[in-house]
Every structure is written in structure tokens, then in C-alpha cells.
Amino acid sequence: MGVKHGDKKMLTGNYAVAYGARLAQVEVVPAYPITPQTQIMEKLVEFIEKGELKARFVPVESEHSAMTVAIAAQATGARSFTASSSQGLAYMHENLFVASGLRLPLVLAVVNRGLAMPISIHPDQTDSLAERDSGCIQFYAADAQEALDLILQAYRVAEDQDVLLPVMVCLEGFLISHFTEIVEVPDQAEAKDFVGDYTSRHVILDPQRPMHIGILVNEHYYTEYRFQQKQAMDSAKKVIKKVAEEYRARFGRGHGLVESYKTEDAQIVIVTMGALSGVAKLAVDRLREDGIKAGLVRLVAFRPFPKDEIIGCCRAADTVVVLDRNVSLGSSGIIYLEVSSSLCNLSSGPRIYDVILGLGGRDIGQEDIEELVKKLTGRVPDVQDVSWAKVRGAM
Amino acid sequence: MEKDKTFIRPGNFFCPGCPAGIIWKLILKVLGPNCIASIGSTCVGMPAILYPSPLDIPTLHVGMPGPAAALSGISAALEILAEKGKRPARGNINVFAIAGDGGTADIGMAALSGAAERNDNGIYFCFDNEAYMNTGIQRSSLTPRKSWTTTTPVGKFQTKKDLPTIMAAHRIPYVATASLGFPNDFIAKIKKARDLKKGFRYIHILAPCPIGWGFPSEKTVEVSRLAVETGVWPLYEIESGVMRQAQRKTARKPVSQYFRIQKRFAHLTDDEIDAVEAVLRKTETPE
């Protein structure tokens, strides 16, 4: 079976996500508009109205209800999909724990946007990273094509019997959601064959087989439920890699836990995720031209966190520079915390720096990354482990 | 279906005298066993939430604000799955939600109004015990004026929200009030809601709580009847915008009979009760 290339279309990241959901033949789509996500739901409504997608759109009155409807529909046996951003995602917060605790494999697109106050409709990945403990798998797309591919992969991963967890596919607002790119849209029949039908064996509202979904367990079973979710996350690592390989064999692209770029001999490894990786790759090339052996690891999955892959790509390096388009106030960037905890028990691990940058959509260019990598690796004595780039008022 | 088969088995976690057991029995007598229920985080939801369960129907409990939206999700899924030939047509399965006054009128109000405005398919039962009883008797927007609760220690200052008429203002096909003191009326209303088949149907049941209201646990049905007989809880239905009130066969009883049987109104003076009596007399429909 050879690679089947699809039609090429000019699509924004948001439309690419909507095409992904259409290809996955989602069945119930509850959604509430929020910039920069809105076009995903608008496009899906268009598909449904034109008869190109057999699904129910539920125009809910809030994101909280969007996630409740998605949970209930998935528990009734329908493949569910919704999308949100920033405050909308925060409004879903409690229900994300419900979805993962009930082991419902629904998929949620998150178009990253700054969390108010103050308001920025441009990206800051803190909105989805603040949900990292919710038990949802998290993917971060680097471009529109990957956003589409990851939606299809997400359903396969979510519905795998060894996983059964909800998945968030995150893409940065405007930088990806509103940027028009050439996107290859797989053939519907091929996509259907890849994703398959959703059949719920574990959680199903069926009068023929009555079960009570969402019960009280207290200290008797709570820990075991959480432990099983942890095991599902562990299994997800293997499943994500397997699904990425299958996707690659069928469609010519595949997105696993990480993407590594020139890390084999790298002395300096940049770690980041999402759209920043594009300019970071250019910076790696320029740094290499200047004789600095740089490389890049891009996280595709943040949950489960690809610890082994991070160790594999970073253990031989002298320096790791994490680029965080997010911040955990009172601590550091969130990726930095994970990378540090992955590398902290190595006997002779690299020095790890964190740079917080690009918040609320502040533009970061290849030259910015080049400059800060040179500064951090120049062994300037007063350099801090955690710093902010391109910020006014910094000492 | 066996004639006397009930779909709530003996043995449950309700307090002595709680009306929830009777209400479940009546609802399931009409709607069970081919139904799916969305459950609020509430006293009345306990048989679905606590293991082992006495219920023989599938239930979903999403959380405090969730019951109406979960009903929407279940119905949407059944409809599309039937359309795709994956599940039997939803006409066969009765979808309903049941939640308390908090999950309905307060934290769940946005979801309730949304589901009603969309006219999503299902029956919604509000189990109104007039306070947050599951957390230990705190006021809700459906607690009546002057009632004692732990968060209204000198009596509630505000008036009870008139939720059934708010629901009727959504122009949904069916709204009704009910009381377990009048089970045949309640059963008839559930049947009517069921047989309408489509759209959002709302039934609001007054649910006297022996612990929260302060009356002996054997008097639940009596208090339920008194609420109706004194005119405090009128029984009516609004079908396609047309209101029909149950006709009283006997003279209205003095409202003091309802107030004086409950400790939550123990601080009311005779004058205060007389004032309520006067209001009810004024609004009474002439014979």
C-alpha cells in the first residue's frame, strides 16, 4: 500500500482543523464562538448544512455546556468534537477532568490565545498548558497541515483501547489559525479507513445495558481511577508513535511525540513547541553557519510528556535552551519545568536555560532566537537560568 | 413490562421521609425502562451516584451545572446515531434530566435556558426542595421568602424565583408544576410530556424535605398536599402557551396550616402569616 496524496487546498489553520474534523466524520459538534477559534465552528456548520458532514451541531450557550454536550454525546456513543480558546477553555476547566475521568475519547481543538486580564487575542500557550493536569492528551501543531493531520491522529490515539482519553489539539491563534497555507487534504474514504468507526465498549448509555456514569468512589477507588489514567497516559506514548507511523505510511506525513532537527551532534539544543519552531529551525541553520552546533527539539505531544525523547536528544549537549511561549507566574516557563525534571537525574546533564517570549503574540524572529542563544551560551557570568526576552522594563 | 414492575429497587441512600424515592418510582413507572437519564449533583441524584445503585436505567452525572446540557448531548447523539443507522430511532428511548433547585434555577440556569431555547428533545424534572439540601440546607433562588436556612438564619429576604413561568416564557411545548401529594396528577403530566415526544418539556415538582424544612419524616405526603391545598403551590400546566390550572374540589385551607407544620417558618408571627393569607385570597380565582 503506497502513500495516497490528497488534494491541495489553500486553507487557514482553522479551516484545516475543520477539514480534519470532517474527515474524522465527527457526529456531534457543540461549540460556542470565541476569537480566534470561531471559524472552526463556522466551517463545520457549513459542512453540515451542505450535507458534506453527517453530524448534529449544538449551538450551546457557553463553553461549559459545549464540553458537557460533548461528554454526554460521547457517552451515548457518538464521536464528539468541539473547539475553544483561552477564557472559553478556562470555562470548560472542570469538565475536562470529567471527560478524562470518564475515559471519553473526545477531541477538542484549542486555538491558543492569551488569558485575560489584560486581553490579548493573540497567542500565549498558558491557556492550554494550564489544563496540563486535566488528564487530557495534548498535541501542539506547528502549522495548518499538522493541525489537520493531528485531528485525524488524535481520534485514533484517543479511541485506542489502551488509551481512551480525551485529546486537545492546540494551535496558536492567528499565527496558525488565520494564516493561509497549502494544505493537503486526504481523501475522505482513505481518512475513514484510517480513523474507523467509534464503538464504545467501556462507557455507554444504553437501556439494554444500564450503567451509571459519573459516580462517587471516595478513598476506596479514587486512587485506582487516577492510576489507571496514568497507565493510559503511559500507553499513549507507544500508541502515538504507532499511529504516527501508520499515518506516515498512508498519507506521507506523521507526527509522533517530538520532532528533532539536527540534534545528533548538537552542543546546544533548543526546545520549544508550536509555531515558534519554524523560526527556531532557521535560527539553528544560521547558528550552524556561524560554527555553533545547534539543534532543535519540537514537542508535538506535551501530555504525555516525551521524557525519554527529551533525554535522548539533549543528554549529549552542553546547553539546552527552552523557548516558552507561556509562563507559570511565580516559577518559570512550563516547558522548562518539564525539561528540567526530565534531565535532572542525569549524572552529567546539560545546563538548562529558559527564555519566556512571544507572549500575547509578540513577534519573535529568527534573529531574536539567534541572539539569545549566543548570549546564553556565551557564558556571561550574570546570566540567569530563567529570563524574559523582548520585554520592556526588565532589569 | 410486568404490571407492577418498578425500576427503582428497595434500598437506597435517601434520608427517612425524603420524597425522592416516590418521585423516582412515579417517573420510572411512566418512562422506564427504555430511557436514559441525565442526573444533577443533588439529593435526588443519589441513587445514580452512589454505588450500589437501586436504578435499572442508564444514567449520566456530569456535575452541578450540567444536567440540561447533558440532556442535549444525549438527545443529539441518539438522533444522529439513529440517522446514521447506528442506534435504534430515538423515539423509542425517553431522555430526561432530573436535578435539584440549585442545579436547575441557579448554577444550571444558563444551561437550562439554553436547552429550552434550542427546544432540545427531552423532559426536565426540577426536584424543588427549596434549598441546597445535599450540602446541608443553604438558600437557593427557589427558597421561599422568610424561610430559615443555614445561610438565611433570620429568614430569607428575597422572593422565590418563579421558574415554571420563566420556562414557559421560552415557548417550550410543555410546562407543568406537580406535587407528590397528588400522584395521579403527576403521573398524568409525565405521560403528557412523554407523549408529546418532541421538544423541551419541563416539570417542576415541589419536594418537601423533612430535615431542611423541619417536619416529622412521616408527614412528607401531608406537607406536599398542604402546599397545594393552601394555595402556596398551585398545580397547573402550560401546553403550547395555554395555561390550565387544576380545579380545587374543596375550599382552600388556611395557609397557617402549611407554615405551622414546618420549623423553617417557626419564627413567623401570626401577623406575617395573615399577610400571606391576604395575598393568596386576593389572587384567588373567584368560584
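Trainee: Into which domains is chain A divided?
Mentor: The model is predicted, and the bounds come from an automatic or database domain assignment. Chain A is divided into domain 1 (7–251) and domain 2 (258–388).

Trainee: Which element gives the largest share of the side of domain 1 of chain A that touches domain 2 of chain A?
Mentor: The contact takes 24 residues from domain 1 of chain A and 20 residues from domain 2 of chain A. On the domain 1 side, the elements that give two or more residues are helix 5 (126–129), strand 6 (137–140) and helix 8 (218–251) of chain A. The largest share, 5 residues, comes from helix 8 of chain A.

Trainee: Which residues have the most contacts inside the largest nonpolar core?
Mentor: This core has 221 residues, and at least three come from each of domain 1 (7–251) and domain 2 (258–388) of chain A. A:Val169 touches A:Ile151, and also A:Val107 and A:Phe139, among others. The residues with the most contacts inside the core are A:Ile151 and A:Val169.

Trainee: Which are the edge strands of the open sheet formed by 6 strands of chain A?
Mentor: The strand order is 10-12-11-14-15-16, with mixed pairing. An edge strand pairs on one side only, and this holds for strand 10 (258–261) and strand 16 (386–388) of chain A.

Trainee: What is the bridge partner of A:Leu323 in strand 15 of chain A?
Mentor: Strand 14 (residues 319–324) and strand 15 (residues 351–356) of chain A run parallel and are joined by 6 bridges. In strand 15 of chain A, the partner of A:Leu323 is A:Val355.

Note on methods: Residues numbered from 1 in each chain as written. Chains lettered and ligands numbered in written order. Predicted model: local features only at pLDDT ≥ 70, side-chain atom pairs only at ≥ 80, totals over all residues. Core = buried A, V, L, I, M, F, W, Y, C linked by C-beta atoms within 7 Å. Buried ≥ 20, exposed ≤ 12 C-beta atoms within 10 Å, placed from the backbone. Contact = placed C-beta atoms within 7 Å. Helix = DSSP H or I, 4+ residues; strand = E, 2+ residues; numbered from the N terminus. Pairing = 2+ DSSP bridges. Lists of a residue's contacts leave out its neighbours within four places in sequence.
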